[in-house]
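Please look through the sequence and the model before reading on.

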Amino acid sequence: MLRLINFQPSRALKTALGIIPFLLILLGYQIGSDIRKAENEQDKLLPSFTEIADGIDRMAFQANKRSGEYLFWVDTKSSVIRLAKGISIAALIGLIIGLAAGSIPIIAAPLKPLVTVISLIPPLAILPVLFIAFGLGELSKVMLIVIGVSPFLIRDILQRTQELPREQLVKAQTLGGNSWQIILRVILPQTLPRLIDAVRLSLGAAWLFLIAAEAIASTDGLGYRIFLVRRYMSMDVILPYVVWITFLAFATDWCLLKLSRFVFPWYHADK
Amino acid sequence: MRHTLAHSLAVLALVVTATLTSPVTQAQASFSLCWSIYAGWMPWEYGDSSGIIKKWADKYGIEIDVVQINDYIESINQYSAGEFDACSMTNMDALTIPAASGIDSTALIVGDFSNGNDAIILKQGSILADIEGQQVNLVELSVSHYLLARGLESVGLSERDVKVVNTADADMVAAYTTSGVTAVTTWNPLVNEILKVPGATNVFDSTSIPGEIIDTLMVKTETLAEYPELGKALTGAWYEIMAAMESSADVRAQMGEASGTDLAGYEAQLATTQMFYSAADAVAFVNSSKLKTTMEYVASFSFEHGLLGEGAADSGFIGIETPAGVFGDSGNIQLRFDPSFMEMAAQGKL
């Protein structure tokens, strides 16, 4: 039936259509930049692509005059390490508490209301408290991510655990499994791919907390650099950093998806 | 149906034309000014709420919209992006943000300079030289950073001898109470707040570099040349506010409350701010040759920290015009100190 809703674009057309919005954004940027540059050659708000390329070259491929470091890579390394630490700790907490509370009702009873309340506290609002409790060093930055992300992970894992078919647990019990065996052999393996899903969803929030923490007190990091050069409107540095952060977030997400598909093919079988 | 549609379109067209050609929007030139909370800029709040600015704008037949921006740097960025015609900022930020982005700016009003408002505070140690090897929390690339550089220079140290940690001003007081922080450089009201903590010692402050951290109102040079009435209205309003501020504790109390403190707290900040209540004093300050020397220091600090842009070959890349002469490239003047409007105010010609 030739109706619009039945028309499926070919693979090539789909790709082309997918690229067009990006090209339009670049074109729009170029026009905007040209207009501002025509008025004021030194305009910094919308730098030209040549200036952005210079900015990237300066930050990533030339040693900094004062410190001799390649700032872009130093920043990336610090941020990625903080993010990895924060996410790993949060995932571990989310898994252990979520799993325990999801499978053992007597643990869920005291924990569930508490976690619900904690997950509703906006982490950025308690940032000053975190600084006093954990200092201004690496710990507070990692803790902000942990506090921001783990309540969500706990709630999600708890929910997913409770959603497992009751029949499976009954069956495992009739086969003679005790609580410990059932948690470890029946529930845990089914929870792990769901944990990866939840971590993927929380990556955006984790980046937000990381950048916020770096903006407030830091000596390096992607968020630190953005908020530092903001002091002299260096958009030729800010824009590449934003694109790079987006790419890192995308790459992490993609890797986690691939990992999940590789390790838990059964989980993705019916999707 | 069609008739109704055509009818409504006609009405709509009429309304739009009427709005666009309405006499109110055409008659008056309209300008906007942004400011952020700081002891020396609270007069803008008072001028706006008391109607003094409106009175002067009316006198010169223009409209001036006064907008408070919560974040200082954001206000300067907005000004540099073209959202505002005038904005309050320090001499250093005027050089490194608008002037470095090619926004030719003129210091219309030189309102005050910091005379103790910015300070280096140590937890342990009683003299500045004790800072060697410590970590110093400050807002990087700000006037605090400049003060630290000038301070270190005065005791024969350099920035290499300390470790600078960028810390947001909003979190400075909380940061000071944590154990990892041993030295900070910041501005008021944070300085007063931090000095209340037992053991905190002020080892160097802006009284040692008087007149180097200057608070100004920057206006786009082009706008000012085209509409001198804007300069006249703002300057006239400013010195009327100054007179009220100097003579009336009520006015100062109102400014203090608007900045989140009270009269006592605000006067404590004013004690370390050298206000130019009289236009003649400000004119004398701008005319003195020391201003040029100060701007040379500021320009070389900015250049060393890469704040003048990548195209800058030396600290004189951006020309700075002062009554005592031009510092730097006279072919690329982007920052001007022009006392002419303040002179008019001093002579009562506004």
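The text below takes up the contact between the chains, the sheet they share, and then parts of each chain. The model is predicted.

**Contact between the chains**

Chain A brings 25 residues to the contact and chain B brings 26 residues. On the side of chain A that touches chain B, at least two residues each come from α2 (49–61), α5 (127–134), α8 (179–216), β1 (217–218) and α9 (222–229) of chain A. The most is given by α5(A), with 3 residues. By residue class, this side of chain A has 12 nonpolar, 6 polar and 7 charged residues.

**A sheet with strands from both chains**

β1(A) pairs with strand β7 (residues 163–167) of chain B in the antiparallel sense, over 2 bridges. Within that pairing, Ser218(A) has Asn166(B) of β7(B) as its bridge partner. Strands of a sheet pair through backbone hydrogen bonds, in a parallel or an antiparallel sense.

The open sheet has 6 strands in the order β1(A)-β7(B)-β6(B)-β8(B)-β5(B)-β9(B), and its pairing is mixed. At the edges stand β1 of chain A and β9 (201–205) of chain B; each has a single partner strand, so one side of each is left without a neighbour in the sheet. Strand β6 (residues 135–138) of chain B pairs with β7(B) in the parallel sense over 4 bridges. Asn166(B) in β7(B) is also the bridge partner of Leu138(B). Helix α7 (residues 143–154) of chain B packs on the sheet, where it touches β5 (118–122), β6, β8 (183–187) and β9 of chain B. The direction of α7(B) makes about 65° with that of β5(B).

**Chain A: domains and helices**

The domain assignment divides chain A into domain 1 (14–36 + 47–62) and domain 2 (71–268). The C-alpha centres of domain 1 of chain A and domain 2 of chain A are 32 Å apart. Their contact takes 8 residues from domain 1 of chain A and 8 residues from domain 2 of chain A. On the side of domain 1 of chain A that touches domain 2 of chain A, the residues are 5 nonpolar, 1 polar and 2 charged.

Trp73(A) is placed in helix α3 (residues 71–103) of chain A. Is Trp73(A) buried or exposed? Trp73(A) counts as exposed because it has 12 C-beta neighbours inside 10 Å, and the cut-off for exposed is 12 or fewer. Trp73(A) and Met59(A) are separated by 14 residues in sequence and, C-alpha to C-alpha, by 8.3 Å in space.

How do α8(A) and helix α10 (residues 235–263) of chain A lie, and at what angle do their axes cross? The axes come within 10 Å and cross at roughly 175°. This makes α8(A) roughly antiparallel to α10(A), because angles over 145 degrees count as such. Residues of α8(A) in this contact include Pro193(A), Ile196(A) and Trp207(A), and those of α10(A) include Ile245(A), Ala249(A) and Ser260(A). The residues of the contact of α8(A) with α10(A) are 10 nonpolar, 3 polar and 2 charged.

| Partner strand | Residues | Sense | Bridges to β4(B) |
|---|---|---|---|
| β10(B) | residues 214–220 | antiparallel | 7 bridges |
| β14(B) | residues 333–337 | parallel | 3 bridges |
| β11(B) | residues 273–275 | antiparallel | 3 bridges |

Asp112(B) has Asp215(B) as its bridge partner in β10(B) and Met275(B) as its bridge partner in β11(B). In β14(B), Ser105(B) is bridged to Leu335(B).

**Chain B: backbone details**

Most residues other than glycine have a negative phi, and most peptide bonds are trans. Leu141(B), which is not a glycine, has a positive phi of about 65°. Leu141(B) lies in the loop between β6 and α7 of chain B. With 24 C-beta neighbours inside 10 Å, Leu141(B) counts as buried. The peptide bond from Asn188(B) to Pro189(B) is cis, and its omega is near 5°. Pro189(B) is in the loop between β8 and α9 (190–195) of chain B.

Conventions: Residues numbered from 1 in each chain as written. Chains lettered and ligands numbered in written order. Predicted model: local features only at pLDDT ≥ 70, side-chain atom pairs only at ≥ 80, totals over all residues. Contact = placed C-beta atoms within 7 Å. Nonpolar A, V, L, I, M, F, W, Y, C, P; charged D, E, K, R; others polar. Pairing = 2+ DSSP bridges. Domains from an automatic or database assignment. Axes fitted to C-alpha atoms, helices over the stretch in contact; angles between N-to-C directions. Buried ≥ 20, exposed ≤ 12 C-beta atoms within 10 Å, placed from the backbone. Parallel < 35°, antiparallel > 145°, perpendicular 65-115°, else oblique.
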